[in-house]
Amino acid sequence: YQRRVHGGLMMIVDNEDENIIQRTTGRRVCPSCSKSYHVIYKPAPNDTCECGTAVVTRVDDTEEMVRSRLQEYWNKCVPMIDHLKSVNIPVAIVSGNLPVPSHEAVEASVMEALEPLPVWP
């Protein structure tokens, strides 16, 4: 499926800060093979990767670091988003907190957000 939007577009993945913090601080990674896990959504059995290595939290996935990154987003990105909206750049907003986080659900959410935008012939 392909759509051309005249002049480009801005896509925003909308989510609550607390959801972002929960998802990010729950991430785990295998230091040997880089496979990703999550303590709630995709737990590693006994905190161990299938390659046999104990999974770890990334050093930048602490609550303090995530809150700092979110503050930077609110301070720097939101004013730019407001500016782009003011010059009529189309905005597609998709949910960052889908009930079933699958590739198919993400694709459907994106396509639904793009549908009402003006197309360029």
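This is a predicted model: local features need pLDDT of at least 70, side-chain atom pairs count only at pLDDT 80 or more; totals for chains, interfaces and linings use all residues.

Modeller: Residues are numbered from 1 along each chain as its sequence is written, and side-chain values use heavy atoms, with hydrogens and water left out.

Colleague: Why is the pair of Y73 and W74 called edge-to-face?

Modeller: The structure holds 1 aromatic pair. The ring centres of Y73 and W74 are 5.2 Å apart and their planes lie at 75°, so the pair is edge-to-face. Rings of Phe, Tyr and Trp (its six-membered ring) pair if their centres lie within 6.5 Å; planes under 30 degrees apart are stacked, over 60 edge-to-face, and the rest tilted.

Colleague: What makes Y73 count as partly exposed?

Modeller: Buried means under 20% relative accessible area, exposed over 50%, and partly exposed in between (1.4 Å probe, protein chains only). Y73 has 29% relative accessibility and therefore counts as partly exposed; W74, with a relative accessible area of 41%, is also partly exposed.

Colleague: How do you know that the charged end of R23 sits over the ring of Y41?

Modeller: A charge sits over a ring if NZ of Lys or CZ of Arg is within 6 Å of the ring centre and within 35 degrees of the ring normal. The charged end of R23 sits over the ring of Y41, 4.8 Å from its centre. The charged end of K42 sits over the ring of Y37, 5.8 Å from its centre.

Colleague: What makes the span of helix α2 close to the expected one?

Modeller: Helices (H or I, at least four residues) and strands (E, at least two) are DSSP runs, numbered from the N terminus. Helix α2, residues 63–86, has 24 residues and reaches 33 Å from its first C-alpha to its last, close to the 34 Å expected; the expected span is 1.5 Å times one less than the number of residues. A kink of about 35° lies at C77 in α2, shortly before the proline P79. This bend is the angle between axes fitted to the seven residues ending there and the seven starting there.

Colleague: Which residues make up the largest nonpolar core?

Modeller: They are A92, V94, V110, A113, L114 and L117, 6 residues in all. α3 gives the most to this core, with 3 residues. Such a core is a set of buried Ala, Val, Leu, Ile, Met, Phe, Trp, Tyr and Cys residues joined through side-chain atoms within 4.5 Å.
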